[in-house]
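Welcome! Please take a moment to look over the sequence and the 3D view, and then let us walk through them together.

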Amino acid sequence: MQPRLVPLAECPCARAVEAVGEWWSILILRDALQGFTRFDEFQRSLGIAPNMLARRLKHLTEAGLFQRRLYSERPKRYEYVLTERGRDFFPVVAALVAFGNQHLAPEGQALLLADRESGRPVVPAYADAETLQPVNSDNVTVIAGPQASPGMLQRLAIVAARDVAAPVHRT
């Protein structure tokens with residue numbers, strides 16, 4: 001992981017990447033969101049080396065995405081249960097599934113998201129909660145939050161100047 005540099009340290013995207021760590025962590029979270037909780041389940045599903053899995057689970061637990069709970073005294077065995085923060089990672093996984101299906105599955109979709117009750121396939125859509133307008137790069141930009149540092153304000157001024165100088169047009 002990269003050191004925390006201002007304005008990176010206050011960027012929510014950079015913070016999320018720091019918390020998740022790397023691609024193994026995303027796959028571990030994907031499996032946890034599908035109900036896996038035990039070390040051997042994650043290892044079997046992912047084919048990940050035990051030492052790497054142990055490091056990733058430790059990091060995800062320290063980042064507040066998992067809670068480690070003892071489920072066997074002899075031998076001592078722990079399960080990794082998603083916290084609320086961990087469950088809140090689901091939209092990220094759903095977005096990755098949708099992106100992968102749309103852009104990286106030339107042979108066809110091998111995995112779909114589906115409504116739990118009806119089994120109907122669903123496609124995630126991201127909309128502003130207030131206006132229900134789509135959230136995409138054509139109509140959404142970044143602005144300073146109330147805690148933005150001078151470094152972040154400077155970075156955002158550069159972004160705003162680029163937007164004015166060369167507006168993005170999609171075809």
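## Getting started

Helices here are DSSP runs of H or I with at least four residues, strands are runs of E with at least two, and both are numbered from the N terminus. Counted this way, the chain has 7 helices and 4 strands. Please keep in mind that this is a predicted model.

In what order do the elements follow one another from the N terminus? The chain runs α-α-α-α-β-β-α-α-β-β-α.

## Overall dimensions

Along the principal axes, the C-alpha atoms fill a box of roughly 65 × 40 × 30 Å. The radius of gyration of the chain is 20 Å, whereas a compact globule of 171 residues would have one near 16 Å.

How much of the chain is buried? Of its 171 residues, 23% count as buried. The exposed surface comes to about 12500 Å², with 57% of it supplied by carbon and sulfur atoms. Turning to contacts with a separation of 6 or more, 39% of those in the chain are made by residues 24 or more positions apart.

## Two helix pairs

Let us begin with helix α2 (residues 23–33) and helix α4 (residues 50–62). Their axes come within 10 Å and cross at roughly 75 degrees. Angles of 65 to 115 degrees count as roughly perpendicular, and α2 and α4 are therefore roughly perpendicular to each other. On the α2 side, the contact is made by Trp 24, Ser 25, Ile 28 and Leu 29, and on the α4 side by Met 52, Leu 53, Arg 56, Leu 57 and Leu 60. By class, the residues of this contact of α2 with α4 are 7 nonpolar, 1 polar and 1 charged.

Helix α4 also meets helix α1 (residues 12–20). The axes of α1 and α4 come within 8 Å and cross at roughly 135 degrees, which makes α1 oblique to α4. Here Glu 18, Ala 19 and Val 20 of α1 meet Arg 56, His 59 and Leu 60 of α4. The contact of α1 with α4 has 3 nonpolar, 1 polar and 2 charged residues.

## Two partly exposed residues

Arg 30 lies in helix α2. Is Arg 30 buried, exposed or partly exposed? Its relative accessibility is 27%, so Arg 30 counts as partly exposed. Leaving aside residues up to four places away in sequence, Arg 30 touches Ser 45, Leu 46 and Val 93. From Arg 30 to Asp 138 there are 108 residues in sequence and 29 Å in space, C-alpha to C-alpha.

Glu 41 has its place in helix α3 (residues 39–46). Glu 41 counts as partly exposed because its relative accessibility is 24%. The C-alpha atoms of Glu 41 and Asp 31 are separated by 8.8 Å, and these residues are 10 apart along the chain.

## Backbone details in the loops

Most residues other than glycine have a negative phi, and most peptide bonds are trans.

Pro 75 is in the loop between β1 (66–72) and β2 (77–82). A cis peptide bond joins Arg 74 and Pro 75, with omega at about -10 degrees.

Leu 132 is in the loop between β4 (121–122) and α7 (150–165). Its phi is near 65 degrees, a positive value in a residue other than glycine. Leu 132 has 65% relative accessibility, so this residue counts as exposed.

Terms used. Residues numbered from 1 in each chain as written. Predicted model: local features only at pLDDT ≥ 70, side-chain atom pairs only at ≥ 80, totals over all residues. Heavy atoms only, no water. Axes fitted to C-alpha atoms, helices over the stretch in contact; angles between N-to-C directions. Parallel < 35°, antiparallel > 145°, perpendicular 65-115°, else oblique. Contact = heavy atoms within 4.5 Å. Nonpolar A, V, L, I, M, F, W, Y, C, P; charged D, E, K, R; others polar. Rg over C-alpha atoms; globule rule 2.2 N^0.38 Å. Buried < 20%, exposed > 50% of the residue type's maximum accessible area, 1.4 Å probe, protein only. Areas by Shrake-Rupley, 256 points an atom, 1.4 Å probe, with all protein chains shown as cover.
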